[in-house]
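Good morning, colleagues. Please turn to the structure on the screen, and I shall take you through selected features of it.

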Amino acid sequence: MQTRAYGRDPFQVSLLGFGAQRIVDEHDCTEEQAVAIIRRAVELGVNYFDTAPSYSDGQSESRVGLGLQGLRNRVHIATKTGGRTRDAALRDLEGSLKRLQTDYVDEWRIHNVMQPKDLEAAFAKDGAIQALMEAREQGLVRKLSISGHTDPRLLAEAIRRFPFDSALVALSALDHFIYSFAHDFVPLAVEKGVAVIGMKVMALGKLAPWTSQALRYTWSLPVSTAILGVSKMSELEQDVAEANAFTPMDEIERLAFFQEIMPLVRADVLRWKAGEWMSGEWYKLPELHFPKS
């Protein structure tokens with residue numbers, strides 16, 4: 001498994017990250033299967049696991065905790081908080097640590113900053129940023145992070161205001177064409193030494209006919225890792241094979257890929273860039289009241 005540097009940290013992260021949202025009953029994955037998939041992933045060199053308390057009401061975190069028993073020192077666990085206040089975030093962390101069966105997480109992130117009000121709430125007095133700093137001081141978390149699917153301007157503002165260690169952002173090939181994190185966030189993150197984690201790589205499965213190209217597109221960006229969701233052992237094995245075979249995509253290959261997938265650049269496909277998840281209408285970029293640079 002290829003590895004890459006993780007922002008300012010010398011830690012080497014696997015090119016393929018494990019997205020744990022789908023190792024749950026809701027996606028027809030039993031606990032026994034989930035544990036087996038997780039342990040096989042570690043065996044194959046995957047060392048980055050991403051989860052959240054909101055994934056199936058904590059079932060994802062619980063299964064990550066079970067699957068990584070005895071393997072904790074070999075992996076980097078990231079989880080999230082949807083809380084925008086200090087107290088709500090700390091309640092999330094307390095539950096996460098119990099479900100993950102660990103006394104710390106390697107990375108804790110503010111989940112899905114979509115609107116300016118989310119950012120302002122997190123940075124307010126007694127906001128989520130305060131919880132992140134307190135938790136790090138107490139040794140409950142090691143790295144601080146933020147995530148966003150929709151508006152790269154908000155994530156750029158966040159890393160200007162605060163020295164986050166990493167950011168999880170939507171970086172599928174389809175995202176390249178609308179509110180692009182690749183254009184409007186990643187260069188600033190690289191400049192600041194913020195590790196970039198790609199998500200939505202397969203565009204909720206819509207890029208499955210172009211799996212190799214979709215993965216090569218994202219991995220060819222200056223990302224540390226990209227997380228892929230799996231619910232079956234066969235999916236994990238395929239993803240690992242793609243990671244092991246990875247070579248950067250050149251400009252001619254990328255152009256040919258773009259020509260094939262452009263008809264999919266629609267709000268009903270890129271649901272995370274819709275105003276509402278199922279609306280089929282593009283998110284309207286709000287006016288920002290802070291400087292752009």
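Predicted model: local features only at pLDDT ≥ 70, side-chain atom pairs only at ≥ 80, totals over all residues.

Helix α9 and helix α11, which spans residues 251-261, pack at an angle of about 125° with their axes 11 Å apart. This makes α9 oblique to α11, where angles under 35 degrees count as roughly parallel, over 145 as roughly antiparallel, 65 to 115 as roughly perpendicular and the rest as oblique. The axes are lines fitted to C-alpha atoms, for helices over the stretch in contact, and the angles run from 0 to 180 degrees between N-to-C directions. The crossing of α9 past α11 is left-handed; that term applies if the near helix is turned anticlockwise from the far one by less than a right angle, and right-handed applies if clockwise.

Residues are numbered from 1 along each chain as its sequence is written, and side-chain values use heavy atoms, with hydrogens and water left out.

Helix α9 also packs with α10, at an angle of about 55° and with the axes 10 Å apart. These two helices are therefore oblique to each other, and their crossing is right-handed. Helices here are DSSP runs of H or I with at least four residues, strands are runs of E with at least two, and both are numbered from the N terminus.

Let me turn to salt bridges. How many does the structure hold? There are 23, a salt bridge being a side-chain nitrogen of Lys or Arg within 4 Å of a carboxyl oxygen of Asp or Glu. One of them joins Arg40 and Glu237, whose closest N and O atoms are 3.0 Å apart. Arg40 belongs to helix α1 (residues 31-43) and Glu237 to helix α10 (residues 233-244), so this pair ties together parts that are 197 residues apart in sequence. Arg40 is partly exposed, at a relative accessible area of 24%, and Glu237 is likewise partly exposed, at 32%. Buried means under 20% relative accessible area, exposed over 50%, and partly exposed in between, with a 1.4 Å probe and protein chains only.

A second salt bridge brings together the side chains of Arg109 and Asp50, at 2.8 Å from N to O. It links distant parts of the chain, with Arg109 in strand β6 (residues 105-110) and Asp50 in strand β4, 59 residues apart. Are these two residues buried or exposed? Both Arg109 and Asp50 are buried. They also take part in a network of salt bridges that links Asp50, Lys80, Glu107 and Arg109.

Strand β4 (residues 48-50) contains Phe49 as well. Phe49 is buried, with a relative accessible area of 1%.

Finally, the surface. Leu204, Trp277 and Met278 form a nonpolar patch there, with about 350 Å² of accessible area together. Patches are made of residues with over 30% relative accessible area and no salt bridge; like charges are joined within 9 Å, and nonpolar side chains (Val, Leu, Ile, Met, Phe, Trp, Tyr) within 5 Å. The areas come from the Shrake-Rupley method with a 1.4 Å probe, and for residues only the protein chains shown count as cover. Leu204 lies in the loop between β9 (195-199) and α9 (211-219). Leu204 is partly exposed, with a relative accessible area of 44%.
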